[in-house]
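Dear colleague,

Please find below the sequence and the structure that I am handing over to you. My notes on what was found follow directly after.

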Amino acid sequence: MNREWAAGILLVLLIAGAWWNIHAVDSLTGDILAGLDASQAAEERGDQAGAQAALEGALNRWLEADSYTHIFIRHAEIDATADAFYELQSQLLSGEGDSSAAYDKLRYHLDSIQRMEHPSFGSIL
Amino acid sequence: MAIIIIRTVIVYFSLLVTMRLLGKRQLGEMELSEFVLAALIADLASLPLQDLGIPMINGLVPILTLFCCELLIAGLCMKHVRLRTAFYGKPSLLIVRGRISQKELHRNRFTPDELMQELRNQGFLDISTVQYAILETDGKLNVIPFPNQCPVTAEQMGIDAGDTAYPFIVINNGRILEANLKHIGRDANWLKKQLDSRGVQAAEVFLMTADQTGHIYFAKREEKHEP
């Protein structure tokens, strides 16, 4: 019966790991989304420097989690999110046009990463 | 990760149920859960190898989940007969006292041709000589002939067949296997005597087997031929 116990314990550990991963991805995307909100609010106030600084903070948070993202997130998603970050950054630096679409694009990618880890009827099927 | 675990469990049980409904003849000498495991693991393991964009963990987590499911199901089935029947089914009697059970044949999706082929594979040409043909849970057909069709045994003939024992390999390609020597109750001195009596060293022996009754098979290593 030892092997069955070991299998049961391993299954529980896997489920615990999955639960931890949901919290880790929530924390990561939550921090970045908060940074994005701050950046967009500053941009709407006309504070370009503040918007860029807040976005820089969000980007750093994303880059710091590099080891985590490469282990747990599909590399296509990581690349798409990084692209969206740099697109928004270059738009803010150039100061041309409406950047709300670039904010939305980055938010969409982050939401998608978050949704992917949350078990729901849609995500499972 | 949670989604991978849930999806793996769903796919595992879906395959288990599907294969269970398809019948034993699909299995080919594997138990149902082993078959499902074999079908899934090969593909899962190759996923992160084929596509470097998929994290390794996406391949490892489902394999570990399947491993846990398989061990838990196998363990539970050992303890609970009903569960075992639910997962693996029961052996089916396809022939009973020389008569084909058409209902069982149909239930297991076995055609008469396939039954005849299986019987021929086992050396039976005439169904009326078969007392029982049992389709086991691993998809293997076991055939038991009527007693008057069984080969005569030495006991029935009143012949003393002598004692036989399992031969262990004691020298494999020049290497002495100490553990096997112990199994047959011998030691290095006995082996040295045997080699001396044949005028060889252990390194010159290709294969030597011995059993507990003292029967020895000996093959000297062939000389290497220069090209």
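I begin with a pair of helices in chain B. α3(B) and α4(B), the latter covering residues 81-88, pack with their axes 5 Å apart and at an angle of about 130°. Here axes are lines fitted to C-alpha atoms, for helices over the stretch in contact, and angles run from 0 to 180 degrees between N-to-C directions. α3(B) is therefore oblique to α4(B), a class that holds what is left once angles under 35 degrees are called roughly parallel, over 145 roughly antiparallel and 65 to 115 roughly perpendicular. The crossing of α3(B) and α4(B) is left-handed, that is, the near helix is turned anticlockwise from the far one by less than a right angle.

α3(B) contributes Ile73(B), Leu76(B) and Cys77(B) to this contact, and α4(B) contributes Leu83(B), Arg84(B), Phe87(B) and Tyr88(B). Residues are in contact if their C-beta atoms, placed from the backbone, lie within 7 Å. By type, the residues where α3(B) meets α4(B) are six nonpolar, no polar and one charged. Ala, Val, Leu, Ile, Met, Phe, Trp, Tyr, Cys and Pro count as nonpolar, Asp, Glu, Lys and Arg as charged, and the others, Gly among them, as polar.

Please note that this is a predicted model, in which local features need pLDDT of at least 70 and side-chain atom pairs count only at pLDDT 80 or more, while totals for chains, interfaces and linings use all residues. Residues are numbered from 1 along each chain as its sequence is written, and chains are lettered from A and ligands numbered from 1 in the order in which they are written.

Chain B as a whole has nine helices and eight strands, taken as DSSP runs numbered from the N terminus (helices H or I, at least four residues; strands E, at least two).

The contact between the chains takes 25 residues from chain A and 18 residues from chain B. On the chain B side, α1 (2-22) and α3 (56-79) each supply at least two residues. α3(B) gives the largest share, nine residues. That side of chain B divides into 14 nonpolar residues, three polar and one charged.

Finally, Ala58(A) deserves a mention: leaving aside its neighbours within four places in sequence, Ala58(A) is in contact with Ile32(A), Gly35(A), Leu36(A) and Ser39(A).

Yours sincerely

Note on methods: Contact = placed C-beta atoms within 7 Å.
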